[in-house]
Amino acid sequence: ATISLDNVDLNTGKSHMYFSKAMAEKLHREDIIEKEISLCLDNGTDAIYLNFQPQLHLATGRVVGFEALARMKSLELGNVSPAEFIDVAERKQLIIPLGNLVLKKACSFLSVLEKNGLSDLRVAVNVSGIQLIHEDFGSSVMEAVVDSGIRSENLELEITESVLLDNFTAVNKSLKDFQENGIRIALDDFGTGYSSFLRLNELNVNYLKLDRYFVGMVATSDRNDYITSDIISMAHKFDLEVIAEGVETVLQRDFLMENGCDIMQGYLFSKPLSEKDALELVRDGNTVTA
Ligand code: C2E
Ligand code: MG
Ligand code: MG
Ligand code: MG
């Protein structure tokens, strides 16, 4: 049986005995998150901001770019994880404007990088499936690019496999449109979902992001190592570059390097940084010039 959530009185709760206190608290928390996201979107509060995790080219050790990761600092709840507030935004019809805000902030960081002579660095933005299938998404992205004056070649979009399941043809077409405008596409969390292995040859992506799960398996047993190294060589056969997520140990990094992985990110090198710290990191000559 389904329970309607519409008439729940969170303050008394008494007439709705099937709601536990924990459930009521969860709904109350969601309410707060929803309100604070809306406030941020309407009034430009800084409740939502971005951190930037550096990505390193394994062969040279140079920073090639950053992944933008959304953060929420709630007045009432303190730090809220993206797993939680992105999920709320998706269910409360806020992910489109929130996604546009993230794009705008990421492009604004790219323009700061360019102004500092760092015009070869990329920034990757996570895109929710709801955004990707929205009819205005393409124009929102191009608007963010044009308004900030950045080179579209420096913007990367990270998508996940799940959105491809039901919308392969339409999504793949829009990925091609992005690529034709210079924007690069990364397939995030590769290997965790229903793998698009079989259609990887048709898929319009530039990078495959090896999920943290596979990186974590490295050097735990030979058999697992084979899986990770096979994914890397398979990606290369499809002309995709591989970005390893969640690299935490020297052992993992060395394995990835030996097995031809192209790019890595993870706590071993750096946690996600504030915009200021991210800029400082690359301004100190930690990147390729020209
Ligand atoms: P993701 O895109 O797979 O991002 C990688 C996650 O791994 C990030 O978690 C990052 O902080 C974390 N991470 C990076 N290096 C390491 C490491 O060495 N060890 C460990 N244990 N973790 C590491 P975070 O920031 O909590 O984000 C979680 C997820 O939330 C992201 O997963 C992404 O799916 C989503 N997300 C974050 N920002 C946005 C956004 O702006 N829009 C959308 N739609 N989703 C976002
Ligand atoms: Mg990502
Ligand atoms: Mg990922
Ligand atoms: Mg992941």
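Figure 1. Gln-93 counts as exposed, at 67% relative accessibility; exposed means over 50% relative accessible area, buried under 20% and partly exposed in between, with a 1.4 Å probe and protein chains only. The residue lies in the loop between α2 and α3. Helices (H or I, at least four residues) and strands (E, at least two) are DSSP runs, numbered from the N terminus. Phi of Gln-93 is near 55 degrees, a positive value in a residue other than glycine. Most residues other than glycine have a negative phi. This is a predicted model, in which local features need pLDDT of at least 70 and side-chain atom pairs count only at pLDDT 80 or more, while totals for chains, interfaces and linings use all residues. Residues are numbered from 1 along each chain as its sequence is written, chains are lettered from A and ligands numbered from 1 in the order in which they are written, and side-chain values use heavy atoms, with hydrogens and water left out.

**Figure 2. The site of the magnesium ion (ligand 3).** Its protein donors are Asp-188 (OD), Asp-189 (OD) and Glu-245 (OE), at 1.7 to 2.4 Å from the ion. Donors are N, O and S atoms within 2.8 Å of the metal (3.2 Å for Na, K and Ca); water is not among the atoms, so sites may look incomplete. Along the chain, the donors follow the spacing D-D-x55-E. Asp-188 in strand β6 and Glu-245 in the loop between β8 and α9 are 57 residues apart, and this pair links distant parts of the chain. Asp-188 is buried at 6% relative accessibility, and Glu-245 is buried with a relative accessible area of 11%. Asp-188 also bridges the magnesium ion (ligand 3) and the magnesium ion (ligand 2), which lie 3.6 Å apart.

**Figure 3. The site of the magnesium ion (ligand 4).** Asp-189 (OD), Asp-211 (OD) and Glu-245 (OE) are the protein donors, lying 2.4 to 2.7 Å from the ion. Asp-211 lies in the loop between β7 (207-210) and α7 (212-217) and Glu-245 in the loop between β8 (241-244) and α9 (250-258), so the pair ties together parts that are 34 residues apart in sequence. The magnesium ions (ligand 4 and ligand 3) are 3.0 Å apart, and Asp-189 coordinates both. Asp-189 is found in strand β6 and is partly exposed, with a relative accessible area of 25%. Its phi is positive, about 55 degrees, although Asp-189 is not a glycine.

**Figure 4. The lining of the largest pocket.** Of the 40 residues that line this pocket, Glu-67, Leu-69, Asn-126, Asp-188 and Asp-189 lie nearest its centre. On a 1 Å grid over the protein atoms alone, a pocket is an open set of points where a 1.4 Å probe fits, with protein on both sides within 12 Å along at least five of seven lines; lining residues have an atom within 4 Å of a point. Strand β2 gives the most to the lining, with five residues.

**Figure 5. Surroundings of Asn-172.** Asn-172 has its place in helix α6 and is buried, with a relative accessible area of 9%. Not counting residues up to four places away in sequence, Asn-172 touches Asn-167, Glu-202, Leu-203 and Asn-204, where contact means heavy atoms within 4.5 Å.
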